[in-house]
Amino acid sequence: MSRPILYSFRRCPYAMRARLAIASAGLEVELREVVLRDKPAQLIDASPKATVPVLIDGDTVIDESRDIMDWALAQADPEAWRDMPSDGEDWIATIDGPFKTALDRYKYDTRYADADATQERDKAAALLWRVDAQLRDTPWLYGETPTLADMATITFVRQFANTDRAWFDAQDWIGVHGWLTRFLVSERFEAIMEKYPKWQPDSEPVLFP
């Protein structure tokens with residue numbers, strides 16, 4: 001029986017959250033590490049969008065990271081990631097929508113003629129302030145253990161922090177700092193960030209995790 005194939009890129013926050021869910025579910029896939037400036041034809045054939053992650057499971061192609069997370073957790077959810085309040089979905093939508101828009105215009109402001117990096121940074125920061133108070137009371141958004149709301153969003157917060165780490169670290173959001181730090185020092189984060197060589201059609205299969 002062939003394993004599902006996951007086209008991935010180590011530092012992409014979308015690919016990171018897909019790997020997080022696959023690891024949490026205890027699944028095993030064949031990981032194909034992509035170099036974004038030299039995407040393999042096999043990836044483009046599977047998904048003409050040619051963005052990562054892309055998961056191929058038999059005849060099924062899933063090319064949205066959140067859908068890959070749902071695919072994984074539908075098969076197994078041993079860490080109860082889906083056990084979260086309904087407003088967890090609202091938080092995911094906030095990060096996927098206005099937060100990511102502001103993040104892109106902050107991190108890549110030269111790509112947008114009308115972008116002011118400082119204004120966009122402040123827009124994203126205002127959204128993080130919404131959860132700082134609850135993260136001062138609990139280590140994760142909804143309690144003592146992470147849920148989908150944490151793991152579907154924290155990779156983007158990591159990207160935001162790394163855009164200007166000195167500025168991020170200087171902010172007085174104690175809850176957000178603790179939340180991100182717990183993630184970055186976790187064994188799960190270390191496991192999903194292992195480095196892999198660029199995939200080639202003649203490469204030996206790489207199993208993840």
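Visitor: Is Asp122 buried, partly exposed or exposed?
Guide: Asp122 counts as partly exposed, at 37% relative accessibility. Buried means under 20% relative accessible area and exposed over 50%, with partly exposed in between, using a 1.4 Å probe and protein chains only. This is a predicted model, in which local features need pLDDT of at least 70 and side-chain atom pairs count only at pLDDT 80 or more, while totals for chains, interfaces and linings use all residues. Residues are numbered from 1 along each chain as its sequence is written, and side-chain values use heavy atoms, with hydrogens and water left out.

Visitor: Which side chain meets that of Asp122 in a salt bridge?
Guide: The side chain of Arg121 does, at 3.3 Å from N to O. A salt bridge here is a side-chain nitrogen of Lys or Arg within 4 Å of a carboxyl oxygen of Asp or Glu. Arg121 is buried, with a relative accessible area of 16%.

Visitor: How many salt bridges does the structure hold?
Guide: The structure holds 17 salt bridges. One of them is formed by Lys49 with Glu64, whose closest N and O atoms are 2.6 Å apart.

Visitor: Where do Lys49 and Glu64 lie?
Guide: Lys49 is in the loop between α2 (41-46) and β3 (54-57), and Glu64 is in the loop between β4 (60-62) and α3 (65-75), so the pair ties together parts 15 residues apart in sequence. Helices (H or I, at least four residues) and strands (E, at least two) are DSSP runs numbered from the N terminus. Lys49 is partly exposed, with a relative accessible area of 40%, and Glu64 is likewise partly exposed at 40%.

Visitor: What about Arg188 and Glu79?
Guide: Their side chains meet in a salt bridge, 3.0 Å from N to O. This pair links distant parts of the chain, with Arg188 in helix α10 (residues 187-192) and Glu79 in the loop between α3 and α4 (87-107), 109 residues apart. Arg188 is partly exposed at a relative accessible area of 23%, and Glu79 is partly exposed at 34%.

Visitor: Turning to the rings, how many aromatic pairs are found?
Guide: A search of the whole structure finds ten aromatic pairs. Rings of Phe, Tyr and Trp (its six-membered ring) pair if their centres lie within 6.5 Å; planes under 30 degrees apart count as stacked, over 60 as edge-to-face and the rest as tilted.

Visitor: Why is the pair of Trp129 and Trp173 called tilted?
Guide: The ring planes of Trp129 and Trp173 are at 45°, with the centres 5.5 Å apart, so the pair is tilted. Trp129 lies in helix α5 and Trp173 in the loop between α8 (165-170) and α9 (174-184), so parts 44 residues apart in sequence are tied together. Trp129 counts as partly exposed at 38% relative accessibility, whereas Trp173 counts as buried at 0%.

Visitor: And what of Trp167 and Trp173?
Guide: The planes of Trp167 and Trp173 are at 85° and the ring centres 5.9 Å apart, so that pair is edge-to-face. Trp167 counts as buried, at 16% relative accessibility.

Visitor: Which residues form one aromatic cluster?
Guide: Phe99, Tyr106, Trp129, Phe160, Trp167, Phe168 and Trp173 form one cluster.

Visitor: Finally, where is Ala126?
Guide: Ala126 is in helix α5 (residues 117-137). The C-alpha atoms of Ala126 and Phe99 are separated by 9.2 Å, and the two residues are 27 apart along the chain. Ala126 is partly exposed, with a relative accessible area of 43%.
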